[in-house]
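Student: I'd like to learn how to read helix packing from a model. Could you walk me through it?

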Amino acid sequence: MPKHIVHQLTELCRGRVLSLSQDKNACRIVQRILDRFPSDEIRFIFEELKSEINALILDEFGNYVLSHVLLCGTYEDKCYIIERIVDDIVSLSLHKFGSNVVEKCLELAPDDVRELLLDRIIGVPVANHRLTLIDLMNS
């Protein structure tokens, strides 16, 4: 794709990534941009989403954008998302939209990080955790 088109599209998105990510149609555009544009041109997308990860996980359309960041993002992006959800992973896995992100985390997490997620799910103590799968089974 010509560089001037990439630049125009990214400039249209700049400052609006959160609202675009929460829109039924626009979230698909954000996902395609993540797929097809050079990482140096789209770094701002994740930077704009970072502060809203908890809201996006539970959002009807935002969860798909976060799942796409897990697919296309850097190791650091993946770890950042996972660090934000690890303490609530069991309750998020029970949520209609949050479960999509949890599934992608388990599928796409680097091996060292996946082990932490699995330990958290089955109940190995992790600092500041709230609910484990074992807690759910016992109630």
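Tutor: Gladly! Let's begin with the overall make-up: the protein has eleven helices and zero strands. Keep in mind that this is a predicted model.

Student: How much of the protein is buried?

Tutor: Buried residues are 39% of the 139 residues. As for contacts with a separation of 6 or more, 65% of them are between residues 24 or more positions apart.

Student: How should I describe a pair of packed helices?

Tutor: In general, two packed helices are described by the angle between their axes and the distance between the axes. Take helix α1 (residues 3–13) and helix α4 (residues 39–49): they pack at an angle of about 15°, and their axes are 9 Å apart. That angle makes α1 roughly parallel to α4, since angles under 35 degrees count as roughly parallel.

Student: Which residues make the contact of α1 with α4, and what is the handedness of their crossing?

Tutor: The crossing of α1 and α4 is left-handed. On the α1 side the contact is made by K3, V6, T10 and C13, and on the α4 side by E41, I42, F44 and E48. Sorted by class, the residues of this contact are four nonpolar, one polar and three charged.

Student: Now a second pair, please. At what angle do α7 and α9 pack?

Tutor: Helix α7 (residues 75–85) and helix α9 (residues 98–108) pack at about 130°, with 11 Å between their axes. The two are therefore oblique to each other. The crossing of α7 and α9 is left-handed.

Student: What does the contact of α7 with α9 consist of, by class?

Tutor: First the residues: K78, I81, I82 and I85 of α7 meet V102, C105 and L108 of α9. By class, that contact has six nonpolar residues, no polar ones and one charged.

Conventions: Residues numbered from 1 in each chain as written. Predicted model: local features only at pLDDT ≥ 70, side-chain atom pairs only at ≥ 80, totals over all residues. Heavy atoms only, no water. Axes fitted to C-alpha atoms, helices over the stretch in contact; angles between N-to-C directions. Helix = DSSP H or I, 4+ residues; strand = E, 2+ residues; numbered from the N terminus. Parallel < 35°, antiparallel > 145°, perpendicular 65-115°, else oblique. Left-handed = near helix turned anticlockwise from the far one by under 90°. Contact = heavy atoms within 4.5 Å. Nonpolar A, V, L, I, M, F, W, Y, C, P; charged D, E, K, R; others polar. Buried < 20%, exposed > 50% of the residue type's maximum accessible area, 1.4 Å probe, protein only.
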